[in-house]
Amino acid sequence: GPNLKDDLWKSPWQEPGQYVTFEMDRGGWNNVRMSLELVFAFARATGRTVVLPRDEHMYFPDPGVQAKDFFKHAHGFADFFPIWDMHKRGTQPLVTMDDFLQREAYTGGLGPPPSAPLQNLGYRPLRDYLRGLGLDPTNDAVFMPKVNNDGRSHFLAFPTGKDAPVISNQTLTAPTGASLELVERLRTFAAGRTVLPFDGSWRTAKVVHFASFPNKGYRLLTHFYTFFFFADPSMDRRIKRFTRDHFRYTDEIWCAAARVLRLLRRDAQAISPNMPFTAFHVRHGDFQFKVVRVSAKEMIDNTRDILTPGELVYIATDEKNTSFFDEFREEFTVRFLGDYFEEAGLADVQPNFLGMIDTIIASRARIFVGTWFSTFSGYIIRLRGYYGTDRDSFYYYPKKKFVMQSDDPPSDPFYTREWPTAWRGIDVE
Ligand SMILES: Nc1nc2c(ncn2[C@@H]2O[C@H](COP(=O)(O)OP(=O)(O)O)[C@@H](O)[C@H]2O)c(=O)[nH]1
Ligand SMILES: [Mg+2]
């Protein structure tokens with residue numbers, strides 16, 4: 001959990017009255033979560049206040065359970081993570097969009113105020129207002145960083161402190177005055193990418209606005225820890241702890257998962273006393289990567305050496321037709337979230353939480369087998385990294401089956417999996 005020492009840390013770049021605004025990513029939930037973590041990590045590192053977007057309808061595909069109201073609910077991030085806790089603890093200040101607009105936009109502090117009064121300012125006019133300020137080259141109050149190619153070609157590098165030399169491409173290619181250790185770490189981190197120095201507007205703009213505007217080159221689909229380089233390794237660890245300790249699903253989500261876990265363990269122990277369970281995440285639905293769409297038989301054949309004959313296999317999936325998994329039933333006791341719907345009281349849970357509940361359940365398994373490319377599988381492995389069980393994570397895609405047993409540093413494409421640098425050794429001050 002969060003600790004007081006981390007909470008009390010102040011960014012060396014903190015200035016009064018600076019903010020980060022952002023738009024929710026338009027992809028699936030884990031893409032949204034990745035950009036959320038990135039925005040908050042940036043705010044924490046720079047001492048800026050986070051402006052929370054208004055509640056929105058987000059993209060949650062219907063995973064085929066008994067719920068009909070997936071799109072009825074607009075969500076804010078506080079529905080999923082207890083984010084106001086960090087504000088109350090003084091760790092990371094937050095403000096709602098409407099309070100921010102009243103405080104800064106309608107007072108003229110950012111440039112021309114919005115054309116409509118607050119109560120009439122709809123979703124699109126608000127979005128276009130913020131983008132418009134960011135795209136206006138004469139407005140130095142709002143900076144909208146253009147980072148093409150989802151952060152695969154660039155990353156942002158922070159120097160050790162306020163008056164320390166800026167980290168730039170020069171540091172990579174013709175370093176003068178930088179330590180060999182720093183240059184080596186920077187080269188490994190860069191993995192062929194170009195440095196964006198944390199300097200200029202990144203530091204001075206009143207507002208840094210992260211737009212989700214992919215066809216114009218404004219989108220960051222990458223892990224925060226592969227996008228921010230810190231010349232000070234202790235700052236790097238601190239920001240990783242901040243993400244780990246403050247982005248934990250709410251008690252409501254955890255408790256629902258815990259109810260299922262108790263029943264799952266009961267069913268596993270009915271097979272044999274003290275028997276743990278194994279989990280798969282099989283991503284189908286709208287998933288665009290066809291090479292990982294293989295039959296259940298192939299998944300079993302590719303992983304039989306790590307499975308225990310007859311054990312309980314929990315399958316988290318967005319495949320609605322569970323007969324797809326019949327071959328698993330021939331060799332294992334198989335369970336899905338839907339099997340516990342009544343007994344675990346899931347009908348009373350907000351249906352858009354079900355994917356997060358599946359995530360937590362799968363993360364607690366003896367071994368985990370994921371779908372390569374899936375950021376949903378990736379997050380299950382991240383959680384296992386936080387618990388220390390990441391080595392017991394695999395992919396059923398043979399080429400990538402054992403990648404979690406390697407300590408390779410992050411490389412392109414960064415977002416298709418999680419990397420041990422997110423969790424390994426981060427508790428050292
Ligand atoms: N309940 C449930 N939903 C899932 C599962 N896998 C995918 N989904 C849904 O499909 C979305 C997948 O999109 P995303 O989170 O972006 O992950 P990715 O597309 O696999 O990288 C999730 O957020 C869930 O809404 C699963 O195992 N269980
Ligand atoms: Mg997706």
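## Polar contacts of ligand 1

In this predicted model, a polar side-chain atom of Arg283 lies 2.5 Å from an oxygen atom of ligand 1. Two further residues make side-chain approaches of this kind: a polar side-chain atom of Thr375 is 2.6 Å from an oxygen atom of the ligand, and an N or O atom in the side chain of Asn30 is 2.8 Å from an oxygen atom of ligand 1. Taken alone, ligand 1 exposes 560 Å², of which the protein buries 94%.

## The surrounding shell

Ligand 1 is surrounded by 19 residues, and Arg283 and Thr375 are among the closest, together with Thr317, Asp358 and Ser374. Sorted by class, this shell holds eight nonpolar, eight polar and three charged residues. The space that ligand 1 takes up is the largest pocket.

Which helices and strands each supply at least two residues of the shell around ligand 1? They are the helices α2 (29-46), α14 (354-363) and α15 (375-387), together with the strand β12 (312-317). At the level of domains, the shell draws at least three residues from domain 1 (4-246) and at least three from domain 2 (251-422).

## Backbone features

Two details of the backbone deserve a separate note. Most residues other than glycine have a negative phi, and most peptide bonds are trans. Asn274, although it is not a glycine, has a positive phi of about 65°, and this residue lies in the loop between α11 (251-271) and β11 (277-282).

The other detail concerns a peptide bond: the one joining Asp412 and Pro413 is cis, with an omega of about -5°. Pro413 is found in the segment that comes after β15 (393-395).

Technical notes: Residues numbered from 1 in each chain as written. Chains lettered and ligands numbered in written order. Predicted model: local features only at pLDDT ≥ 70, side-chain atom pairs only at ≥ 80, totals over all residues. Heavy atoms only, no water. Near = heavy atom within 4 Å. Polar contact = N/O pair within 3.5 Å; in protein donor to acceptor, adjacent residues only side chain to side chain. Areas by Shrake-Rupley, 256 points an atom, 1.4 Å probe, with all protein chains shown as cover. 1 Å grid on protein atoms, 1.4 Å probe; cavity = no way out; pocket = protein on both sides within 12 Å on 5 of 7 lines; lining within 4 Å. Sits in = over half its atoms within 2 Å of the grid points. Helix = DSSP H or I, 4+ residues; strand = E, 2+ residues; numbered from the N terminus. Nonpolar A, V, L, I, M, F, W, Y, C, P; charged D, E, K, R; others polar. Domains from an automatic or database assignment.
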